[in-house]
Amino acid sequence: MSLSRWHDGGMAEQPKAYRVEARCQPGGVAHVQAGDQTVQVDTGWGVDPSGAPGPAELLAGAFAACLMKNIERSSKLIGFEYSSAEIQVQARRQDAPPRFVGVEYEVRIVTAGSQDQVHATLVAIFDFADGGTLAGASLTVFDTATAQQL
């Protein structure tokens, strides 16, 4: 049996297409092929964890990667300079019915600019409201000198 769905979201221009392939075997042995990388995935149910990331960790990781890509994109498009960024994501899910019930994330950025210089830029990048939080998210910006003290 094969199921396929596609929804273009009403977009005027055709979006880029990304493709991954996943395969699994009974007992929770699974692999996802993305680009030229293969990632082992723990899809076991009712067995001891294998140590490989499960679907929830992969989804949280993909979300973090999207945020990092947005930081990098912004650095190129609007000249936002940073020396490092760190993102922590915590996704919460329930088993019955299976679904995610919340995502919290924290973004930490080290930049040579002062907080005043980068505040408006970061509000534009992440749509953060004044005060640095948005729907369970928090943002911390350190200038380089402060980051070296930490």
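**Pockets**

I looked up which element gives the most to the lining of the second largest pocket, and α1 does, with three residues. I noted that a pocket is defined on a 1 Å grid over the protein atoms alone, as an open set of points where a 1.4 Å probe fits, with protein on both sides within 12 Å along at least five of seven lines; lining residues have an atom within 4 Å of a point. Helices (H or I, at least four residues) and strands (E, at least two) are DSSP runs, numbered from the N terminus.

The model is predicted, so I kept the limits at hand: local features need pLDDT of at least 70, and side-chain atom pairs count only at pLDDT 80 or more, while totals for chains, interfaces and linings use all residues. Residues are numbered from 1 along each chain as its sequence is written, and side-chain values use heavy atoms, with hydrogens and water left out.

I then read the volume of the second largest pocket, about 290 Å³. Of the 14 residues that line this pocket, D42, G44, W45, P55 and R93 are the closest to its centre. I sorted the lining by class and found six nonpolar, four polar and four charged residues. Here Ala, Val, Leu, Ile, Met, Phe, Trp, Tyr, Cys and Pro count as nonpolar, Asp, Glu, Lys and Arg as charged, and the others, Gly among them, as polar.

For the largest pocket I wrote down a volume of about 430 Å³. A volume is the space filled by probe spheres set on the grid points, which are joined across faces, edges and corners. The lining of the largest pocket includes Y18, R19, G35 and K69. By class, this lining has nine nonpolar, one polar and two charged residues. Both β2 (29-34) and α1 (55-77) supply at least two residues of it, and α1 gives the most, with five.

**Chain and strands**

I counted three helices and seven strands in the protein chain. Along the sequence their pattern is β-β-β-α-β-β-α-β-β-α.

Next I followed two strand pairs; strands pair if DSSP finds at least two bridges between them. β2 and β3 (residues 37-42) are antiparallel over six bridges, and H31 stands opposite Q40 in β3. Their hairpin has two residues between the strands, and G35 there takes a positive phi near 60°. β4 (residues 84-94) and β5 (residues 99-111) are also antiparallel, over 11 bridges. The bridge partner of Q88 is E106 in β5, and a hairpin of four residues joins β4 to β5.

**V41**

I placed V41 in strand β3. Is V41 buried or exposed? V41 is buried, because its relative accessible area is 5%, and buried means under 20%, exposed over 50% and partly exposed in between (1.4 Å probe, protein chains only). Beyond its neighbours within four places in sequence, V41 is in contact (heavy atoms within 4.5 Å) with residues including G28, A30, A52, P55 and L58. V41 and P55 are 14 residues apart in sequence, and their C-alpha atoms are 7.1 Å apart in space.

**Cysteines and totals**

I found zero disulfides (a disulfide is a pair of cysteine sulfur atoms within 2.5 Å) in the structure. C24 counts as exposed because its relative accessibility is 60%. C66 counts as exposed at 52%, and C66 also lines the largest pocket.

Last, I noted that buried residues make up 20% of the 150 residues in the protein chain. Among contacts between residues at least 6 apart in sequence, 37% join residues at least 24 apart.
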